[in-house]
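This briefing sets out selected structural features by topic. Please read it alongside the sequence and coordinates shown here.

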Amino acid sequence: KGTLPPFKRDWYHRADFEEEWIRQCHGSREDEIERLAYYLVTTRDEDTLMIPVYDLANHVSDPDKLNTLSYKPKRVGDSFKLVASRDIARGEQVTNSYNRCHPCSGTRDEDCSTYSHYGTPELLWRFGFVDDYPQTWRWTSSTGKDDESFDFCLDRHRGTKELEVWMPPTVHISQSAVDFLQREVKRLDELSIKNSDDLKSRFVANVHEWDTIWRYHNALTVAMRAALDSVRDEK
């Protein structure tokens with residue numbers, strides 16, 4: 001019953017194959033190559049640009065692991081640049097960031113050359129993976145109540161490995177938002193109890209998809225509990 005929050009209406013439409021490819025572009029439902037091409041572009045493009053080799057670099061949110069920065073062309077004919085942000089050792093994986101400018105990054109606005117403000121839920125929706133720490137969570141209530149919506153950052157302390165919650169100074173978690181989090185944690189806990197063959201039989205998903213669903217479920221539950229704990233600590 002219900003869905004995994006945060007809730008965003010455009011999740012169901014913005015990158016939808018039927019809406020964008022079939023209705024807007026008058027594509028074909030029967031052509032397998034067209035379908036694969038559509039999903040290749042929507043999951044691997046860089047703001048409508050398809051860039052060979054560059055799209056092989058994997059995402060990291062951890063600034064200590066990030067070793068490149070990208071600069072996109074501002075005008076037609078300008079170059080797309082990918083530059084090393086530090087020395088890269090022989091054999092080290094080349095990484096970039098899909099959300100370098102998210103609220104938890106501390107990146108200055110003038111250093112953001114791309115639309116890369118994705119939160120943890122948006123990274124799953126857009127790219128199909130659950131982000132490692134640090135994570136950015138933007139909660140939007142399913143009821144649409146503004147006082148149940150807020151943002152916060154979740155990271156793991158480099159030394160103690162304990163989870164740390166950080167919220168912008170302007171963010172205040174209302175009692176209504178606390179009630180919302182408590183309801184969702186309870187619901188997600190009940191859902192995890194049903195993680196059985198009976199529940200799995202109701203969905204058509206391969207092993208990777210099924211594991212990703214529960215990985216996000218776990219990340220979501222941990223984040224909600226961390227937010228609730230931070231509110232209790234403040235009191």
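Glu184 forms a salt bridge with Arg187, their closest N and O atoms lying 2.7 Å apart; a salt bridge is a side-chain nitrogen of Lys or Arg within 4 Å of a carboxyl oxygen of Asp or Glu. The model is predicted, so that local features need pLDDT of at least 70 and side-chain atom pairs count only at pLDDT 80 or more, whereas totals for chains, interfaces and linings use all residues. Residues are numbered from 1 along each chain as its sequence is written, and side-chain values use heavy atoms, with hydrogens and water left out.

**Salt bridges**

- The two partners Glu184 and Arg187 are three residues apart in helix 4 (residues 175–193), a separation of about one helical turn. Helices (H or I, at least four residues) and strands (E, at least two) are DSSP runs, numbered from the N terminus.
- An α-helix has 3.6 residues a turn, so residues three or four places apart point the same way.
- Glu184 is buried, with a relative accessible area of 8%. Buried means under 20% relative accessible area, exposed over 50%, and partly exposed in between (1.4 Å probe, protein chains only).
- Salt bridges with shared partners also join Asp62, Asp64, Asp155 and Arg158 into one network.
- Within that network, Asp64 forms a salt bridge with Arg158, with 3.2 Å between the closest N and O atoms. This pair links distant parts of the chain, 94 residues apart: Asp64 is in the loop between strand 1 (58–59) and strand 2 (68–71), and Arg158 is in the loop between strand 6 and strand 7.
- Asp64 counts as exposed at 52% relative accessibility, while Arg158 is partly exposed, with a relative accessible area of 44%.
- Arg158 also meets the side chain of Asp155 in a salt bridge (3.7 Å, N to O). Asp155 counts as partly exposed, at 23% relative accessibility.
- The structure holds nine salt bridges.

**Strand pairing**

- Strand 5 (residues 135–139) and strand 6 (residues 150–156) run antiparallel and are joined by five bridges. Two strands pair if DSSP finds at least two bridges between them.
- In this pairing, Gln135 stands opposite Leu154 in strand 6.
- Strand 6 also pairs with strand 7 (residues 163–166) in the antiparallel sense, over four bridges, and Arg156 stands opposite Leu163 in strand 7.
- Strands 6 and 7 form a hairpin with six residues between them, and Lys161 in the turn has a positive phi of about 70°.

**Aromatic pairs**

- A search of the whole structure finds seven aromatic pairs. Rings of Phe, Tyr and Trp (its six-membered ring) pair if their centres lie within 6.5 Å; planes under 30 degrees apart count as stacked, over 60 as edge-to-face and the rest as tilted.
- Trp21 and Tyr38 form a tilted pair, at 6.5 Å centre to centre and with 45° between the planes. This pair links distant parts of the chain, with Trp21 in helix 1 (residues 17–24) and Tyr38 in helix 2, 17 residues apart.
- Trp21 counts as partly exposed at 24% relative accessibility, whereas Tyr38 is buried, with a relative accessible area of 7%.
- The rings of Trp210 and Trp214 have centres 5.9 Å apart and planes at 70°, so this pair is edge-to-face. Both residues lie in helix 6 (residues 207–234), four residues apart, about one turn of the helix, and both are buried.
- Tyr98, Phe127 and Phe129 are linked into a cluster by ring pairs.

**Nonpolar core**

- The largest nonpolar core has 24 residues, of which Trp137, Trp139 and Phe152 touch the most other members. A nonpolar core is a set of buried Ala, Val, Leu, Ile, Met, Phe, Trp, Tyr and Cys residues joined through side-chain atoms within 4.5 Å.
- At least two residues of this core come from each of strand 5, strand 6, helix 4 and helix 6. Helix 6 gives the most, with nine residues.

- Helix 2 (residues 32–44) has 13 residues and reaches 18 Å from its first C-alpha to its last, close to the 18 Å expected at 1.5 Å a residue. The expected span is 1.5 Å times one less than the number of residues.
- Asp31 caps the N-terminal end of helix 2, with a side-chain oxygen 2.9 Å from the backbone nitrogen of Ile33.
- Thr68 is found in strand 2 and is buried, with a relative accessible area of 5%. The side chain of Thr68 reaches the backbone oxygen of Thr95 at 2.6 Å.

Key:
Polar contact = N/O pair within 3.5 Å; in protein donor to acceptor, adjacent residues only side chain to side chain.
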